[in-house]
Amino acid sequence: MRNRFKGVSLLLISVLLLLTACGRKNSNSNAGNAAADDGSGIKPVTFSFYGNYDWLTTAPWADNEATKWIQENQKVTVEPVQSGGAAAEKLNTMIVSGDLPDVIFTDRGPTVEKLVQAGQLVALDDYYEKYPNFKKYVKESTLNLLRSEDGKIYQIPNWYTSGQFGNGGWMVNKDIYNALGKPALETFDDLYQYLQQVREKYPDVVPLEVGEKGAGLEIMYGGFREDATSKFISLGGYPEGDKLVSIYDDPAYKEMMLYVNKLYRERLITQDALQQTQDAVKEKVNTGRVAVMVESNITTYGAEGHRALTASNPDSGYEIIWPIHKAGLDKNKVFVSGFETLGWNVNVITKKAKDPEAIFAYYDWITGPEGQKVLFFGPKGLYWDEEDASGAPIPNEKYKTAPANERTETMRKFEDFNWAGNTTFIDTAKMSLEASLAANQKSWETVAQSTVTWKTALDITEFVNTDPVPDTEIGIIAQNVADIYTLAFAQMVQAKSDEDVLSALDKAKKNAEKAGLAKLLEYKTEKWQENVQKINATK
């Protein structure tokens, strides 16, 4: 339930947007003022870009080979607006001052819908129809799920897909694993025994690392129940037939919390797991002071940590493993992460933009083959000179001879600007490119994805857009239920005994029921079933 840690005050945003909208009745309407070209390409444009995340700092434009190439060849310039580590406050300030950026990069959901209701966003339907790439690569069912209540589309998806993908999973420190005899690590019983050995033999190492603010703890839920992910926890309920049933009534959830608490009590996971920062986690991973890790973005942590460790010893590093699960479950029905065809997050174009169509045209170029190659592999002439029959870059000599760590780090800088990621195109191209390389030249991240993390990701698209708008009756209930859960989760993780875990669970259940959990689950069930109908209507 990562969203319990988000700092954006949606209720405050709602109030501010209402006030702003009242003073802006004459803002430019749908589809902007300036016309771009005839749909065949993009035209010169400069626009401001705000990443609505505490952790996101957008690097200077044209500071790497990819964005420099775009500036010189496509005549597009982006002016980053930084959150300064306080995204909520920054967005609120921009709303109050009436100085919104041209583009906001943010999560789908209530924040976007409040901007829509306040009349601050440009509807993009005409552009989706006019320009070729989104129309080609985004499924109709995906576009339908992006529609707001007024029936219009205001969002540009990022890392959308038509296939299976995921970056969550488990990995082990190779040095420690090999030294301890490479024991079986398949079930939670195996894991418990292994972590005890680590604690005894390596007192300065974290037996099980669970990520920033303990994000990996809930990831384990998928190992206690077939065909499930931690998405069910954030929903507050798990599907049973065509209804959502309280997560507090799920035996798998109770079993997971008892297991997590046992690991915590026996100091097999970091004692400040719920407070630790991303930087603290990275420092441990990159210095090899982690024996096992579970995280929703294991491919990033693993790739970076692997590069750090293999820089001094090529035989060191991390290895991805199949998800740990409860004995007796079918391992092929165990999922670590969930994916949505809509992808990760979205971009919205505000009515402050002087030429919204030109901005959309640039995004349409990004999501097409040329944009994806430039913003993932780099411009032609850097790591590739030719393409294969499918359009995938063919690695050149520099790609093959450059140190893998150096090459990966360079390409990661490009990817930070890929705001309309086309997952299917990139994954296909990556697999094609990697197939031509020797084993020691392959990317750790790509190997992890193709062998494990994509295969262990569950399609949860049908559960998108189920969160209510905050300043409504059901939205207030949702916030109260979430607050009850956040407190109870911490109490269960840090409880002194099994009895205390069960007591906290029971108390949370009763408090959530009093707060209106049944009504909330009824609302989310209705939204879920609406999604199912939209998806089935386009099949």
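Okay, let's start at one spot: Thr229 sits in the loop between α10 (215-219) and α11 (231-235). Those labels come from DSSP runs, numbered from the N terminus, with helices being H or I of at least four residues and strands being E of at least two. One thing to keep in mind from here on: this is a predicted model, where local features need pLDDT of at least 70 and side-chain atom pairs count only at pLDDT 80 or more, while totals for chains, interfaces and linings use all residues. Residues are numbered from 1 along each chain as its sequence is written, and side-chain values use heavy atoms, with hydrogens and water left out.

So, is Thr229 buried or exposed? Thr229 has a relative accessible area of 2%, so it is buried. The cut-offs are under 20% for buried, over 50% for exposed, and partly exposed in between, using a 1.4 Å probe and protein chains only. And what does Thr229 touch, not counting residues up to four places away in sequence? Its partners are Tyr221, Phe335, Ser337, Gly338, Leu458 and Ile460. Contact here means heavy atoms within 4.5 Å.

Let's zoom out for a moment. The protein has 23 helices and 15 strands. Its radius of gyration is 24 Å, close to the 24 Å from the globule rule for 539 residues, so the protein is as compact as a globular protein of that length. That radius is taken over C-alpha atoms, and the rule is 2.2 Å times the number of residues to the power 0.38. If you like boxes, the C-alpha atoms fill one of roughly 65 × 60 × 45 Å along the principal axes.

Of the 539 residues, 55% count as buried. Take the contacts with a separation of 6 or more: 80% of them come from residues 24 or more positions apart. On charge, there are 59 positive and 74 negative side chains, and the centres of the two sets lie 1 Å apart. Lys and Arg count as positive, Asp and Glu as negative, and His and the chain ends are not counted. Each charge is placed at NZ of Lys, CZ of Arg, CG of Asp or CD of Glu.

Glu445 is in helix α20 (residues 444-453). With 14% relative accessibility, Glu445 counts as buried. Which side chain does Glu445 join in a polar contact? That would be Arg412, at 3.3 Å. A polar contact is a pair of N or O atoms within 3.5 Å; within protein, one must be able to donate a hydrogen and the other to accept it, and residues adjacent in sequence count only if both atoms are side-chain atoms. Setting aside neighbours within four places in sequence, Glu445 contacts Thr299, Thr300, Ala303 and Arg412.

Next, Ala59, in the loop between β1 (45-51) and α2 (65-73). Ala59 is partly exposed, at 35% relative accessible area. Beyond its neighbours within four places in sequence, Ala59 is in contact with Pro80 and Phe417.

Most residues other than glycine have a negative phi. Lys75, however, has a positive phi, near 60 degrees. Lys75 lies in the loop between α2 and β2 (76-81) and is partly exposed at 48%. Lys213 has a positive phi too, near 50 degrees. You'll find Lys213 in the loop between β6 (206-209) and α10, partly exposed at 29%.
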